[in-house]
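The sequence and structure come first.

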Amino acid sequence: MNITLRVWRQRNSDDTGQMQTYQVTDVSPDMSFLEMLDVLNENLTISGEDPIAFDSDCREGICGMCGLVINGLAHGPKERVTTCQLHMRSFSDGDVIDVEPWRAEPFTVIKDLIVDRGAFDRIIQAGGFITAPTGTAPDAHAAPVPKVDADAAFDAATCIGCGACVAACPNGSASLFVAAKVTHLGLLPQGQPERHSRALDMVAQADLEGFGGCTQIGECTAACPKGIQIDLISRLNRDVLGALAHRG
Ligand code: SF4
Ligand code: FES
């Protein structure tokens with residue numbers, strides 16, 4: 001396959017940035033999108049040009065590092081697939097593909113396709129802990145959890161913090177991410193002591209970081225590679241309202 005890529009190039013946070021066109025030839029349909037970028041970068045390096053900066057780590061869909069906007073879609077055209085798990089067979093010979101970084105005010109572009117997602121870490125720090133005793137592993141069933149709650153908590157915990165929900169949201173809202181983090185602890189007995197303060201603190205930190213509000217448009221859940229459901233945002237709102245009522 002021969003592909004034309006139009007890639008966002010930006011030297012640093014102060015640079016205005018621009019799209020730049022590259023030809024990539026002999027692309028195997030079995031390459032991942034990131035492997036295709038690796039090939040392009042190798043050619044750029046050999047010809048003395050600055051390779052394109054992009055993030056990746058696990059390349060297995062579990063670390064959340066590899067977010068790119070591909071043809072206007074967070075993580076590209078396939079549902080529930082991270083950029084690192086997207087294969088070139090999803091495109092056709094001769095395609096022109098636009099590649100851009102996440103665009104949201106709290107996600108500052110550091111270089112080219114790399115953005116600073118430290119705001120997510122600070123949201124987790126604001127409320128993502130429990131005071132339940134830790135130490136050696138407790139006996140199985142020491143704290144019984146109904147299967148339905150354990151399954152729902154696990155589903156929420158599959159959020160990899162990639163930020164696609166923010167990138168897809170017209171409001172730049174982080175509500176789906178916050179809802180996933182609040183829910184996976186809020187459904188378990190160990191998460192109950194801080195349930196109220198966690199919801200309030202994480203939402204407050206998201207506001208502080210500059211993420212927008214949720215108007216239930218649903219682009220977040222459509223873009224989420226882990227299928228986090230939008231009803232978790234309603235659950236988050238209930239926890240916040242409960243926390244405010246509790247506080248009086
Ligand atoms: S909710 Fe989905 S899209 Fe948002 S950070 Fe988590 S995994 Fe990524
Ligand atoms: S590189 Fe880890 S999820 Fe894509």
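Two strands are said to pair if DSSP finds at least two bridges between them, where strands (E, at least two residues) and helices (H or I, at least four residues) are DSSP runs numbered from the N terminus. This is a predicted model, in which local features need pLDDT of at least 70 and side-chain atom pairs count only at pLDDT 80 or more, while totals for chains, interfaces and linings use all residues. Residues are numbered from 1 along each chain as its sequence is written, chains are lettered from A and ligands numbered from 1 in the order in which they are written, and side-chain values use heavy atoms, with hydrogens and water left out.

Strands of a sheet pair through backbone hydrogen bonds, in either the parallel or the antiparallel sense.

| Strands | Sense | Bridges | Facing residues |
|---|---|---|---|
| E1 (residues 3-9) and E5 | parallel | four | leucine 5 and isoleucine 97 |
| E3 and E5 | antiparallel | two | valine 69 and glutamate 100 |
| E3 (residues 69-70) and E4 | antiparallel | two | isoleucine 70 and leucine 73 |

**Two residues with positive phi**

Most residues other than glycine have a negative phi. Arginine 59, in the loop between helix H1 (33-46) and E3, has a positive phi near 55°, and this residue counts as partly exposed because its relative accessibility is 29%. Aspartate 112, placed in the loop between strand E6 (109-111) and strand E7 (114-115), also has a positive phi, near 45°, but aspartate 112 counts as buried because its relative accessibility is 2%.

**The largest pocket**

A pocket is an open set of points on a 1 Å grid over the protein atoms alone, where a 1.4 Å probe fits, with protein on both sides within 12 Å along at least five of seven lines; lining residues have an atom within 4 Å of a point. The largest pocket is lined by 19 residues, and Gly72, Leu73, Ala74, Ala168 and Ala223 lie nearest its centre. Strand E4 (73-74), helix H4 (164-168) and helix H7 (219-223) are the elements that give two or more residues to this lining, and H7 provides the largest share, three residues.

Definitions and conventions
Buried < 20%, exposed > 50% of the residue type's maximum accessible area, 1.4 Å probe, protein only.
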